[in-house]
Amino acid sequence: MSHAKVMMRLCGLVGPLWGVMALAVTAGMAGHLAAIGVPVAGMLAVLAASGADGLPAYGGLLVVLASCAVARGVLHYVEQMANHYIAFKLLARIRHRVFAALRRLAPAKLAGRCRGDLVSVITGDIELLEVFYAHTISPIAIAAGVGGVVLALQAAIHPVFCAMTLAAFLAVGAAMPLVANAASGKGGLEFRGRLGALDAYLLDSLRGLTEAMQYGVARLRGEEFFRRSGELADSERRLKARSGVNQAVMSVVVWVFDLVFAVVGLHLLYFQQVSLASMLCALVLLMSSFGPVLALASLGTGLQQTFAAGERVLAILDEEPVVEPVDAGRAPGGSEVDVRDVSFGYGGTSVLRGVSVAARPGSILGIAGKSGSGKSTLLALIMRFWDVDAGRIEVGGVDVREASTHALRQAESLVEQGTHLFNESLADNIRIGRLDATDEEVEAAARAARIHDVIVGLPEGYDTRAGELGDVLSAGERQRIGLARALLRDAPVLLLDEPTSNLDSLNEAAVMRVLADERESRTVVLVSHRASTLDVADAVVTLEGGRVSSGAERRAPRALS
Ligand SMILES: Nc1ncnc2c1ncn2[C@@H]1O[C@H](COP(=O)(O)OP(=O)(O)OP(=O)(O)O)[C@@H](O)[C@H]1O
């Protein structure tokens, strides 16, 4: 995306805050003009005090000087306050939009994406946009406004002064930032990208710390981390070095313009084209009016990073979801699940080919098959995390592509192989299934999932925090918390992906008994490798090579005692 486009898009996000932006710009312009008024009034006061003709009384000029100084302070405060108000309101708006986009993209588009990089976008990149909203948009408008007034004043003194001031402003405020920007190349983008990659590497390493230590690769990963941070530091050093050179060149250019202006002014004075007061007035005007254009110039290399951050944030906002949510669709009219002649592949790699299975209300459909045969994929398609390539899936008589996404999510509950626990209390982790559930309902679900006794055995019981990634519990306990969540939700369709893979046979049998009871009021689709788990199913289909290799066999489920 070009910088101009990024800038337009970021400006577009200002939306309802344009009024405050106008206040910031107006206060900024008035403040800078007041700042210019201080040395000009001071210089004229000195001339008036020394007896120069045609000037107001120096007492009056001193009053103007004092007023400008006070106004400068007040106006600067108003400008900063308005700018930061906009910036922080906007950052909140942008965060909301990014989270909404992530909800739209999840889970299909986020599968396989670096979480650390996402964290870096959500925190660092959005934070950096503050520079754009508080220190970029209004400085550009202020420089244009103040520049216009100064040029008009210079034109009133002498057209040559006006032309020289224009040349100085264009060189410092436009040409130099553009050159600096071009010289930085993709440095800003490279830096933000490296920062995101480093965050991702660190998060990955922390998550896999036990494995890394066990296999003796912790040191290697540590060295790789330092190598990458070294590269990041180099990128930053290059950016800062460019920025330093720009600042130095800029100061030299400003002094050259001041010097040339003074020489030309003296020349015009010598040939009596201007009075001494006018010449000094024009010179002080020029020297004191570089502030706003210098603010623009200093944006040069820093802006690279801001644009890079903006581009990464906009890329998330622009990303199209794999599955378009349906707002005004029908709600599933029951709990039967009908998978008809479904084919599906991930980006061209075929996983399911012409699969047809049906699960009726009040029954458990078991799905067996080797690892990688597409069992979890089938559940993901029933959840409509992805859309089928061919065929159709109906839940409660409604094609999932036409069903309201919200209603579909309400109708289905999925317990995945790995249950994610948030670092909150165990009660809150279960309550995710239904946020308005009472403590009694949470406890009932935990009892049904055979995890209640484990929880009350912990020192803080249901108030125990699950730890990061749920690490205070074993895999089997996490799995049962996931099941408790799903039972609490009480959705008509219950999809279970290896719900007993981490359970011992005692707990497996207990959980199976719960499922046998649960079947009465809903449809259950149960994926498992274990024959003992699938014993509870009313029918079992086996997936092999992307196809159903053995059809749904009706059979009497094993009596569970
Ligand atoms: N998000 C994804 N992107 C690309 N390929 C995927 C994705 N998810 C799964 N796959 C691939 O699709 C195939 C089927 O995966 P799936 O998880 O459905 O198998 P499974 O039968 O549930 O396996 P297991 O019993 O090991 O859980 C595998 O080859 C897997 O690598």
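Let's start in a loop: Gln272 is found between helix 9 (218-270) and helix 10. Keep in mind while reading that this is a predicted model. Gln272 has a positive phi of about 55° although it is not a glycine. Such a value stands out because most residues other than glycine have a negative phi. Is Gln272 buried or exposed? With 7 other C-beta atoms within 10 Å, Gln272 counts as exposed, since the cut-off for that class is 12 or fewer.

Asp490 sits in the loop between helix 18 (475-489) and strand 7 (493-497), and it is partly exposed, having 16 other C-beta atoms within 10 Å. Here are the two together.

| Residue | Phi | Other C-beta atoms within 10 Å |
|---|---|---|
| Gln272 | about 55° | 7 |

The buried residues of helix 10 are Met279, Leu280, Cys281, Ala282, Leu285 and Leu286.

Now let's turn to helix 2 and helix 3. Helix 2 (residues 18-49) and helix 3 (residues 58-105) have axes that come within 7 Å and cross at roughly 160°. An angle over 145 degrees counts as roughly antiparallel, so helix 2 is roughly antiparallel to helix 3. The crossing of helix 2 past helix 3 is left-handed. Which kinds of residues make up the contact of helix 2 with helix 3? They divide into 27 nonpolar, 6 polar and 2 charged. Helix 2 has 32 residues that should span 46 Å, and its end C-alpha atoms are 46 Å apart, which agrees. After helix 2 comes Gly51, with a positive phi near 95°.

In the loop between helix 3 and helix 4 (115-135) lies Pro107. Ala106 and Pro107 are joined by a cis peptide bond, with omega about -5°.

Finally, there is a ligand to visit. Among the residues that surround the ligand are Ala111, Tyr346 and Val351, along with Lys375, Ser376 and Thr377. Which helix gives the most to the shell around the ligand? Helix 13 (residues 375-382) does, with 3 residues. By type, the shell holds 3 nonpolar, 7 polar and 1 charged residue.

Notes: Residues are numbered from 1 along each chain as its sequence is written. This is a predicted model: local features need pLDDT of at least 70, side-chain atom pairs count only at pLDDT 80 or more; totals for chains, interfaces and linings use all residues. A residue is buried if 20 or more other C-beta atoms lie within 10 Å of its own, exposed if 12 or fewer, and partly exposed in between; C-beta atoms are placed from the backbone. Helices (H or I, at least four residues) and strands (E, at least two) are DSSP runs, numbered from the N terminus. A residue is near a molecule or strand if its C-beta atom, placed from the backbone, lies within 6 Å of it. Ala, Val, Leu, Ile, Met, Phe, Trp, Tyr, Cys and Pro count as nonpolar, Asp, Glu, Lys and Arg as charged, and the others, Gly among them, as polar. Axes are lines fitted to C-alpha atoms, for helices over the stretch in contact, and angles run from 0 to 180 degrees between N-to-C directions. Angles under 35 degrees count as roughly parallel, over 145 as roughly antiparallel, 65 to 115 as roughly perpendicular and the rest as oblique. A crossing is left-handed if the near helix is turned anticlockwise from the far one by less than a right angle, and right-handed if clockwise. The expected span of a helix is 1.5 Å times one less than its number of residues.
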